[in-house]
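Please have your viewer ready.

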Amino acid sequence: MELYYAPYSPPSRAVRLIAEYIGLSPKLHYIDVMKGEHLRPEYEEINPEKKIPFLVDGDLRMGESRAIMVYLVEKYGKNAKILPNDPTGRAFVNLALHFDLGTLYKAITQYYFPVILKMEETHSPEKYEKLKECFDILDKMLESQDYVATRYLTIADLSLIVTVSTAEVLGFELDKYKNVSKWCEKVKVATPGYRKINAEGAELMKRKFYEFSGGK
């Protein structure tokens with residue numbers, strides 16, 4: 001099993017967290033997208049979409065971090081709680097994953113990345129309000145429960161903790177969101193390899209972005 005990734009990439013970090021959680025050690029290939037390595041012909045031959053993360057497992061080749069996470073758990077995971085089999089539990093996990101991808105992570109990238117990548121000079125107040133709305137929703141999702149989808153830690157929590165920590169390291173203040181803050185601490189403790197894979201990866205992302213933007 002091989003994983004093409006970057007340690008600072010949020011989607012890559014999410015896949016590595018679930019691999020660590022279920023005891024997998026894929027062979028890692030560092031693709032530094034900040035240096036354009038994902039555009040090299042030899043990588044395009046492996047992955048025509050030219051994105052990371054990208055998994056090769058025998059004859060299977062696939063991208064999209066959340067799809068990879070589901071695949072790894074369904075094929076190799078032994079803890080049913082991390083990805084429920086019952087329709088209701090699976091539905092809430094899927095809901096949280098779709099919220100992460102299509103709402104929260106999208107709002108984070110739309111607010112922070114245009115300035116970091118020098119496409120815009122200043123952050124948009126309107127996009128910031130949208131970002132706060134997304135965190136309001138997550139805070140309500142976590143009302144009176146320890147984890148985002150079920151009573152137990154699931155892949156939705158691992159995906160979302162990467163997203164939330166990405167916003168936090170880029171300067172978003174979580175203090176106003178008491179349920180999110182409490183959930184963050186619980187997930188950090190419950191997730192093997194959190195510090196090395198995600199916390200250090202998020203800090204590396206911050207440094208990479210700082211260098212790319214010329215220190216702004």
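Asp-100 is buried, with a relative accessible area of 0%; buried means under 20% relative accessible area, exposed over 50% and partly exposed in between, with a 1.4 Å probe and protein chains only. Its side chain meets that of Arg-66 in a salt bridge, 3.1 Å from N to O. Arg-66 lies in helix α3 (residues 65-76) and Asp-100 in helix α4, so the pair ties together parts that are 34 residues apart in sequence. Arg-66 also counts as buried, at 15% relative accessibility.

A word on the basis: this is a predicted model, where local features need pLDDT of at least 70 and side-chain atom pairs count only at pLDDT 80 or more, while totals for chains, interfaces and linings use all residues. Residues are numbered from 1 along each chain as its sequence is written, and side-chain values use heavy atoms, leaving out hydrogens and water.

A salt bridge here is a side-chain nitrogen of Lys or Arg within 4 Å of a carboxyl oxygen of Asp or Glu. The count comes to 10 salt bridges, including these:

| Asp-32 | Lys-208 | 2.8 Å |

Asp-32 forms its salt bridge with Lys-208. The pair links distant parts of the chain, 176 residues apart: Asp-32 is in the loop between β2 (27-30) and α2 (41-46), and Lys-208 is in helix α8 (residues 194-212). Asp-32 counts as buried at 4% relative accessibility, and Lys-208 counts as buried at 16%.

Which residues of α7 are buried? They are Asn-179, Val-180, Trp-183, Cys-184 and Val-187. They cover an arc of only 135 degrees around the axis, which puts them on the same side of α7. The cover over these buried residues includes α5 (125-141) and α6 (155-169). On the face turned away from the buried side, α7 carries the exposed residues Lys-178, Lys-182 and Val-189.

Finally, Met-119 sits in the loop between α4 (87-116) and α5 and is exposed, with a relative accessible area of 59%.

Methods. Helix = DSSP H or I, 4+ residues; strand = E, 2+ residues; numbered from the N terminus. Arc of directions from axis to C-beta. Contact = heavy atoms within 4.5 Å.
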